[in-house]
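Hello,

Here is the structure I said I would pass on. My notes on what turned up in it follow below.

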Amino acid sequence: DVPKAPEPQGDSDGPHQGSLCDQHCAAINNVQGDLGCHQHRPHVPPVLPPPSCCQQHSDEVCESCVVKTTLTAENAVEANKLSNNYKFGFKKWKSHVTARPWEDRSEIVKELYSDLNIIRGSGGSTVTCGNVLYLLLFGWWLSLLYVLVAAMMFITVVGAPYGRLCWDLAQYFLWPFGKVIQKVEVPKSCQVLGACEAGAGESSALLGGPVPRRWRPRCWANTGYWQCAGTVVWLCLGYPVLALAHGLVCVTAWLLVILIPVAKLSARTATRVLLLPPDQVLIRRLRMTEVPLEGEVILCCYRAVNPYYYKYAVDGINVFAVNLLPLVLVTLVLGYVDSHNRLTSSPIKFTLALLSIMPLSYYIGMAIASISAQSNFAVGAVVNATFGSITELTFYITALIKGSREGNRCYAEIVKSALTGTLVGCVLFVPGLCMVIGGIRHQEQRFNSRSAGVSSALLFLSVGGVFAPTLFSKVYGKLVCGECHNVTQNPLGHYLCHNCHFDLMENNGTLYYSHVQPLVYTVSLLLPAAYLIGLFFTLKTHSHIYDIHISDCHMPGHHHSAVVHWSRWRALVILLLSTLCMSACADLATEHISPILTNSTISQYFIGVTVLAMVPELPEIVNGIQFALQNNLSLSIEIGNCIAVQVCMLQIPILVLFTIFYPTNFMLVFSDLHVYASMFSVVLMNYIFMDGKCDYFQGTVLVMVYFILLAVYFFAPSPSGC
């Protein structure tokens, strides 16, 4: 699969070792990804490394391979998107913003997008678990409904042809697999009531059984099909009932995703089959594998269930994001119409608001990626930095505003817990889970230690800067306790105190306003500056650390221009609308979280660290797992590190800046638990990533440490005053 450079003649070991080195490089850097054609290397011809690279051991991996992260793109637009986006994390479930050429797709994917009108070779028995599931969920009652409608049409007399059609469709929908519905043209000579004599009862060697006879009323030829009395009766009595039933089946099957073939079957029946004259609809059972020569194939279904439909996309939008979009509308309607909780309770509205964040984060990520892919580095960086954290910032700001209006400092503590939870989760859980899942397929995975070192340095700097005001307050603040008891009954003995904290507001807040607050503002200015320098380092001056190339996926003579799913203007409109809906959902979440915080026995620390922190990061987790399965662990690690760096260097400074213009209870002073958990996580991550390689065991260590920290937060008491 990998082009080999010609080896010079000779008996020395240098060229032979270089060839092995090339093979290792290909194994490390060949990213199959979501590309569809992974057998091509970069457009730059491969060059043999110097003999000194792999002279010690035959299985040694070139150093030049492990100090680069290979990001493969299908076209220039995808390459531009990768170069502008990967340092900000991937905020969407799938990383493609352009349509892939049809001939480059696999047969599995082609089958997903094909219409149910292709007759293919028999793939075995049609009795499968998925087809039996269709029979239990839809087939039996659809067939019964058709029988009832057929009886009704026969009673009307004029609708008798439709009654016969419904009777045939009742048998079809009971078990539609291996059967075909065709549209045939009726000869003009068949103008009288009854079946056409020419061809009546003729057999087809291709499709078993005789061709069914169809009654053709005389009015169809004289006054037209749509003016016939039988057609009017059918459109008034029979068709609405069946269309409603097929609509219900279509929606249900579409929401279940794996049953999308059933949704296509019902949609085409309601929009095409039931609107045809009955004499033009023929239903036959397939007995041979050749394509029929007469008639147009309307429906031909073999399987009701296809597990690969999770890859299905509508105009570039993943099917899950499409299915979850109505949830956003339901959440907004229930949240703002039922303001007094007459229809639903506050916990249900809070849960719906959190679930609505997932599809909205997808649309925001898709819009950001689309704009970045069609823009230069400056625009891509600005868009990513501005809207990349809009999901989290919207929730944090609305929570701080609500806490300020109610005078409740618990909301500020929830925000701090969510910030810490995002940091800890992206440092421990995201890379750890990627290592475990990727380690199941690959025994040992290597990653770009150079790029991981840059991200780790930024992470150390950001964590140190964020917690600097907290450490400062511990040193110079006055310890104040809410309740103390003398243990030894001696005035000079030992005291046991509870609810102790460092008071920064003593003497009218002199310590805070004169020392801590200026330190907070200074840190909030230095951290974004360091973040911009890090971006400039990795994306401009030292971009050679990352090997971004365009794969040559097409056959010679077939050149395809990149077709972008969303234009820049369309992406901008969707980005603004999604941001507006996100702010509304965040407002509903903060509005209905108060009863949960008040009545729940679970620590408020735990709620902030888990639910509020990790739900918006689900796209990053999914993308990280996909990259790990493709043996591209470098990108999985980058995703977690980049989000953690953004939390410290962008989100927290923006929150501090917001408090300047809108005073809230948010002070950049964290509890001891947040400080210890964050620092320990960063140190452990850097220790694991030190050697540039990992396996599933090291990933298990990171995940277990993350769950131990969650247990600590679960059993920790809620913040004082909440």
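Helices (H or I, at least four residues) and strands (E, at least two) are DSSP runs, numbered from the N terminus. The model is predicted: local features need pLDDT of at least 70, side-chain atom pairs count only at pLDDT 80 or more, and totals for chains, interfaces and linings use all residues. Residues are numbered from 1 along each chain as its sequence is written, and side-chain values use heavy atoms, with hydrogens and water left out.

Salt bridges

Side chains of opposite charge can pair when their charged atoms come close. With a salt bridge taken as a side-chain nitrogen of Lys or Arg within 4 Å of a carboxyl oxygen of Asp or Glu, the count is twelve. One of them joins K110 to E107, with 3.9 Å between the closest N and O atoms. Both residues lie in helix α4 (residues 107–113), three residues apart, which is about one turn of the helix. For burial I use relative accessible area: buried is under 20%, exposed over 50%, and partly exposed in between (1.4 Å probe, protein chains only). K110 is buried at 18%, whereas E107 is exposed at 60%.

A salt bridge also links K349 and D338, at 3.6 Å from N to O. K349 is in helix α11 (residues 346–373) and D338 in the loop between α10 (319–337) and α11, so the pair ties together parts eleven residues apart in sequence. K349 is buried, at 4%, and D338 is buried, at 5%.

E406 and K402 meet at 2.6 Å, N to O. They are four residues apart in helix α13 (residues 390–406), so about one helical turn separates them. E406 is partly exposed at 43%, while K402 is buried at 12%. Salt bridges with shared partners join K402, E406 and E591 into one network.

Aromatic rings

Rings of Phe, Tyr and Trp (its six-membered ring) pair if their centres lie within 6.5 Å; planes under 30 degrees apart count as stacked, over 60 as edge-to-face, and the rest as tilted. This rule gives 20 aromatic pairs. W175 and F177 are edge-to-face, 5.0 Å centre to centre with 85° between the planes. W175 is buried at 18% relative accessible area, and F177 is buried at 1%.

W254 and Y312 are edge-to-face as well, at 5.9 Å and 80°. This pair links distant parts of the chain: W254 is in helix α8 (residues 229–255) and Y312 in the loop between β6 and β7 (313–314), 58 residues apart. W254 is partly exposed at 23%, but Y312 is buried at 11%.

Strands and surface

Strand β3 (residues 179–183) pairs with β6 in the antiparallel sense over five bridges; two strands pair if DSSP finds at least two bridges between them. V180 stands opposite C300 in β6. Strand β6 (residues 296–301) is mostly covered, with five of its six residues buried.

Which helix gives the largest share of the nonpolar patch? That is α5, with four residues. Helices α5 (129–155) and α6 (160–174) each supply at least two. L174, in helix α6, is partly exposed at 37%. Y146 in helix α5 is buried at 0%, and its C-alpha atom is 8.8 Å from that of Q171, 25 residues away along the chain.

Regards
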